[in-house]
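Colleague: Could you take me through one part of this model at close range, and say how that part sits within the fold around it?

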Amino acid sequence: MSTQTITTYAVSGMSCGHCKATLTKVIGELDGVTGVEVDLDKGQVTVSSSAEPNDTLVAEVVDEAGYELTGRA
């Protein structure tokens, strides 16, 4: 039985539906990620994964998409 790991990150620079769609796509493509929930109002991205996520890797794809991951929320 696999357990889900839920990790919430603070991300700055998100402001619209396009931002939400972009981050959902790029983070969702990472190995082990099973779900991505973007909360524009709070400036947070919650990642569901099958194992502990690689914060560095998540930060890299967020940065490449044009946003800034400022840490875990």
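Modeller: Helices (H or I, at least four residues) and strands (E, at least two) are DSSP runs, numbered from the N terminus, and contact means heavy atoms within 4.5 Å. This is a predicted model, in which local features need pLDDT of at least 70 and side-chain atom pairs count only at pLDDT 80 or more, while totals for chains, interfaces and linings use all residues. Residues are numbered from 1 along each chain as its sequence is written, and side-chain values use heavy atoms, with hydrogens and water left out.

The part I would look at is serine 49, which lies in strand E3. Strand E3 (residues 44–49) runs antiparallel to strand E1 (residues 5–12), and 6 bridges join the two; within this pair, serine 49 stands opposite threonine 5. Helix H1 (residues 17–28) lies across E1, E2 and E3, and runs at about 160 degrees to E2, where axes are lines fitted to C-alpha atoms, for helices over the stretch in contact, and angles run from 0 to 180 degrees between N-to-C directions.

Serine 49 itself is buried, its relative accessible area being 2% (buried means under 20%, with a 1.4 Å probe and protein chains only). Once its neighbours within four places in sequence are left aside, serine 49 is in contact with Thr3, Gln4, Thr5, Gly32, Val33 and Thr34. A polar atom of the serine 49 side chain also lies 2.6 Å from the backbone oxygen of alanine 51.

Terms used: Pairing = 2+ DSSP bridges. Buried < 20%, exposed > 50% of the residue type's maximum accessible area, 1.4 Å probe, protein only. Polar contact = N/O pair within 3.5 Å; in protein donor to acceptor, adjacent residues only side chain to side chain.
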